[in-house]
Amino acid sequence: MIRFILYLILFYLIYRLVKKVMVFFSASSSKVENSSTKKERTFDPKNIEDIDYEEIKRKK
């Protein structure tokens with residue numbers, strides 16, 4: 001019985017390791033150099049809104 005539990009734990013650890021390796025290789029193969037799709041947002045100080053805070057009264 002203990003051997004069966006140890007085999008299950010070993011199988012689970014190997015499964016997790018293989019899964020991480022597969023994700024690593026699939027992510028690195030689909031990555032293309034110098035292809036940035038992120039669009040930089042320009043900072044516009046006119047779009048800043050001030051917030052009115054209310055003082056919270058604490059009970060003593």
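These legends describe views of one predicted model. Local features need pLDDT of at least 70, side-chain atom pairs count only at pLDDT 80 or more, and totals for chains use all residues. Residues are numbered from 1 along the chain as its sequence is written, and side-chain values use heavy atoms, without hydrogens and water.

**View 1. The whole chain.** The chain has 1 helix and 0 strands (DSSP runs: H or I of at least four residues, E of at least two). Of its 60 residues, 0% count as buried (under 20% relative accessible area, 1.4 Å probe).

View 2. Leu8 lies in helix α1, residues 2-29. Leu8 is partly exposed at 45% relative accessible area (between 20% and 50%). A nonpolar surface patch of about 1,300 Å² includes Leu8, Met1, Phe4 and Tyr15.

View 3. Asp52 is in the segment after α1. Asp52 counts as exposed, at 75% relative accessibility (over 50%). Glu49, Asp50, Asp52 and Glu54 form a surface patch of negative charge.

Key
Patch = residues over 30% accessible without salt bridge, like charges linked within 9 Å, V, L, I, M, F, W, Y side chains within 5 Å. Areas by Shrake-Rupley, 256 points an atom, 1.4 Å probe, with all protein chains shown as cover. Salt bridge = Lys/Arg side-chain N within 4 Å of Asp/Glu carboxyl O. Lys, Arg positive; Asp, Glu negative; His and termini not counted. Charge placed at Lys NZ, Arg CZ, Asp CG, Glu CD.
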